[in-house]
Amino acid sequence: MSTPAFARKDERTAWAFLLPSLVLFATFTGIPVIAALGISFTQWDLFNPARFIGLDNYTKLFGDPIFARVMGNTAYFVLLSVPVQMLIGLGCALALNRGIRGQTFFRIAYFLPVVTSTIAAALVWAWLFNANFGLINALLSLVGITDVPRWLASTQWAMPAVIIVSIWQNLGYAMVLFLAGLQNIRADLYDAAAIDGARGWRRLWFITLPLLSPTTFFVLIISIIGSFQIFELVFVMTQAGPANATNTLVYYIYQNGFQFYQMGYASAAAMVLFLIVLIFTLVQYKLQRRWVHYG
């Protein structure tokens, strides 16, 4: 059976609207990804012609102890920042959804860091975390803590400091999304639950969280992808130090590509990042059938 004329017209209209985005995506994302894949099989320092070396970059990558440290740092950052950011964002959204006084002010206050320049925020936080004259250590000293952390100068505390700043900057985005999801939940469901005697945690567990699961799924995917791409905070606050304690995968790619001019090696690391994010995303999409409830 042939497709009706109006359906073909609608299809052409849809493609016409999609075409500019598809062209931009292919130009600035698709083609560079394919080019990076090709470069990852070469030895290229930008100053000499690229030379094909097969899988040597990948072999070197997985035998590099610094790369192993970088992967561990990145996993540490993602596993700590994403759950905390989502939990605090959800808590703030639940509080604001109750109609507290000054709701507009708190929404702006929590979301303001999201639209603040990451570089500017990182510079301010680097000063706050300064081990010698930073405000944070000064406040800790005032409450009687004598052995204050050295924060960005410490291999133990540098990454937690970066995580704190990342959570501060991004929880507003999660909060706004959760708040939008909460306001789409029908009020009559809560009324029915109240009649049945469900209140407090039971209402949250059996009504709010299941109906909020599509939003939670979206926030989880976006947060994981963003956390794997952490760069600006590390670049400004620590430059991957001290002793590679805050060196993450994207910063490692930057180092090898634009400081050491090993473009083939950096492209191999970029392909590893691409595969990790792709696998995480596909796994989450597969698992969503078990816990995400639409409608």
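A nonpolar core is a set of buried Ala, Val, Leu, Ile, Met, Phe, Trp, Tyr and Cys residues joined through side-chain atoms within 4.5 Å, where buried means under 20% relative accessible area, exposed over 50% and partly exposed in between (1.4 Å probe, protein chains only). The model is predicted: local features need pLDDT of at least 70 and side-chain atom pairs count only at pLDDT 80 or more, whereas totals for chains, interfaces and linings use all residues. Residues are numbered from 1 along each chain as its sequence is written, and side-chain values use heavy atoms, with hydrogens and water left out.

**View 1. The largest nonpolar core comprises 63 residues.** Leu61, Phe129, Phe178 and Met237 have the most contacts inside this core. Its largest share, twelve residues, comes from helix H7 (residues 158–183); helices are DSSP runs of H or I, at least four residues, numbered from the N terminus.

**View 2. Surroundings of Met237.** Setting aside residues up to four places away in sequence, Met237 touches Ala122, Trp125, Ala126, Phe129, Leu152, Ala161 and Val165 (contact: heavy atoms within 4.5 Å).

**View 3. Aromatic pairs involving Phe231.** Rings of Phe, Tyr and Trp (its six-membered ring) pair if their centres lie within 6.5 Å; planes under 30 degrees apart count as stacked, over 60 as edge-to-face and the rest as tilted. The whole structure holds 20 such pairs. Phe231 and Phe235 are stacked, at 5.5 Å centre to centre and 25° between the planes. Phe231 and Tyr254 are edge-to-face, at 5.3 Å and 65°. The latter pair links distant parts of the chain, 23 residues apart: Phe231 lies in the loop between helix H9 (200–228) and helix H10 (232–237), and Tyr254 in helix H11 (residues 249–259).

Terms used. Helices (H or I, at least four residues) and strands (E, at least two) are DSSP runs, numbered from the N terminus.
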